[in-house]
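Here is a short briefing to read alongside the model. Please keep the sequence and the 3D view open as you go.

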Amino acid sequence: ALGRDAAAEVLAPASPVLDWVGALQRRGRGTLPAAFSSEPKPSARPKDWPSKLSVTRVDVLQRDPYALWAEHVLGLARIDGLNIPLDARYRGTAIHKALERFEREPGPLDPVRLMGLLEAELRRTGEPEPAWESRRAVWADVCAWYTDWQAARGVGPGAVAFEVHGQRDFEIAGAPFRLTATSDRVEKLPGGQIVIVDYKSGNPPSDTAIRAGFDQQMPLQAVIAAGGGFETIAAGPVAALEYVAFKGKPEARIVGDGKTAPDEFATIAHDGLIRLITDYRMPEAVYRSAPRVKFVKYDSGYNLLARRDEWSSETGDGGGDV
């Protein structure tokens with residue numbers, strides 16, 4: 001609380017506080033431009049930013065530029081609430097770790113062992129006992145499906161790498177740009193070809209979305225692989241991009257279904273990346289909150305900061321349910 005003297009000073013007629021309050025009270029009554037909107041449209045950022053992005057962050061720049069700007073330029077980070085159910089991100093990380101341990105660590109490649117690793121990683125992440133027990137039978141079926149899928153790969157010892165880091169450098173709009181990635185699984189075929197596998201704990205992106213220029217995570221990994229950018233993996237043609245959905249109804253799906261070659265998707269992704277970074281390096285570029293709301297899958301964590309509920313009805317971009 002303010003002391004009497006401090007309060008008198010703040011509330012004095014010349015105080016800017018009263019001017020601010022008055023402006024707020026007069027809002028919408030001719031004191032603001034007719035085209036005024038509370039939608040944030042920041043443009044300030046470091047010179048030649050962004051200069052480095054992961055393949056997943058490229059998708060964020062496409063779908064929700066404001067979230068990327070808040071994260072990288074303002075240095076903000078999303079904080080999880082207390083006493084909330086286990087976030088899908090952490091469940092996905094636990095599943096990835098269990099699958100990696102299953103093939104990296106010594107032991108039988110059977111559903112029983114995979115089930116034990118999965119339970120251990122989910123429990124480590126915070127999966128409640130009732131949640132695990134209620135889905136035990138489902139997980140058992142999924143583990144049996146995965147071990148069948150893994151056995152059918154026919155990939156020899158030492159030809160599979162997990163959590164492989166990669167990067168590729170570009171010159172875009174007169175300044176350097178680095179694209180990075182961490183691939184879940186990379187297989188090196190006898191002929192030198194490469195297969196990139198991405199594990200999903202939910203539904204993989206559709207080919208339609210990938211062809212439209214969204215969900216470029218996998219094609220951009222093909223761009224990195226073709227340039228020899230992955231550690232321990234020599235450059236080579238990409239034979240396939242494959243999603244493995246480790247969920248209640250598991251599935252393995254090759255991007256393009258064999259009808260579209262991986263290098264075609266890689267070309268689309270490469271050209272789209274150049275255009276995207278070029279556009280957002282322009283002096284007039286603004287970083288709006290989810291400008292194409294129909295392509296946004298979830299709240300990136302910055303909808304409240306962007307005040308979407310306040311202005312979305314003005315623009316027709318939807319509300320806080322993004």
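This is a predicted model: local features need pLDDT of at least 70, side-chain atom pairs count only at pLDDT 80 or more; totals for chains, interfaces and linings use all residues.

Residues are numbered from 1 along each chain as its sequence is written, and side-chain values use heavy atoms, with hydrogens and water left out. Helices (H or I, at least four residues) and strands (E, at least two) are DSSP runs, numbered from the N terminus.

**Aromatic residues**

- A search of the whole structure gives 8 aromatic pairs, where rings of Phe, Tyr and Trp (its six-membered ring) pair if their centres lie within 6.5 Å; planes under 30 degrees apart count as stacked, over 60 as edge-to-face and the rest as tilted.
- Trp 139 and Phe 246 make a stacked pair, because their ring centres are 5.8 Å apart and their planes meet at 20°.
- This pair ties together parts that are 107 residues apart in sequence, because Trp 139 lies in helix α8 (residues 136-151) and Phe 246 in the loop between β5 (238-245) and β6 (251-254).
- Trp 139 is buried at a relative accessible area of 3%, and Phe 246 is buried at 1%.
- One aromatic cluster is formed by Phe 102, Trp 139, Tyr 146, Trp 149, Tyr 199 and Phe 246.
- Tyr 199 belongs to strand β4 (residues 194-200) and is buried, with a relative accessible area of 3%.
- Arg 135 has its charged end over the ring of Trp 139, 5.1 Å from the ring centre; a charge sits over a ring if NZ of Lys or CZ of Arg is within 6 Å of the ring centre and within 35 degrees of the ring normal.

**A polar contact**

- Glu 39 is in the loop between α2 (16-25) and β1 (52-54), and counts as buried because its relative accessibility is 8%.
- The side chains of Glu 39 and Arg 288 are joined by a polar contact of 2.7 Å.
- Such a contact is a pair of N or O atoms within 3.5 Å; within protein, one must be able to donate a hydrogen and the other to accept it, and residues adjacent in sequence count only if both atoms are side-chain atoms.

**Backbone features**

- Most residues other than glycine have a negative phi, and most peptide bonds are trans.
- The peptide bond from Trp 49 to Pro 50 is cis, with omega near 0°, and Pro 50 is in the loop between α2 and β1.
- Ala 173 has a positive phi of about 55°, and its place is the loop between β2 (160-172) and β3 (175-188).
- Ala 290 also has a positive phi, near 45°, and sits in the loop between α11 (262-280) and α12 (308-315).
- At 0% relative accessibility, Ala 290 is buried.

Notes
Buried means under 20% relative accessible area, exposed over 50%, partly exposed in between (1.4 Å probe, protein chains only).
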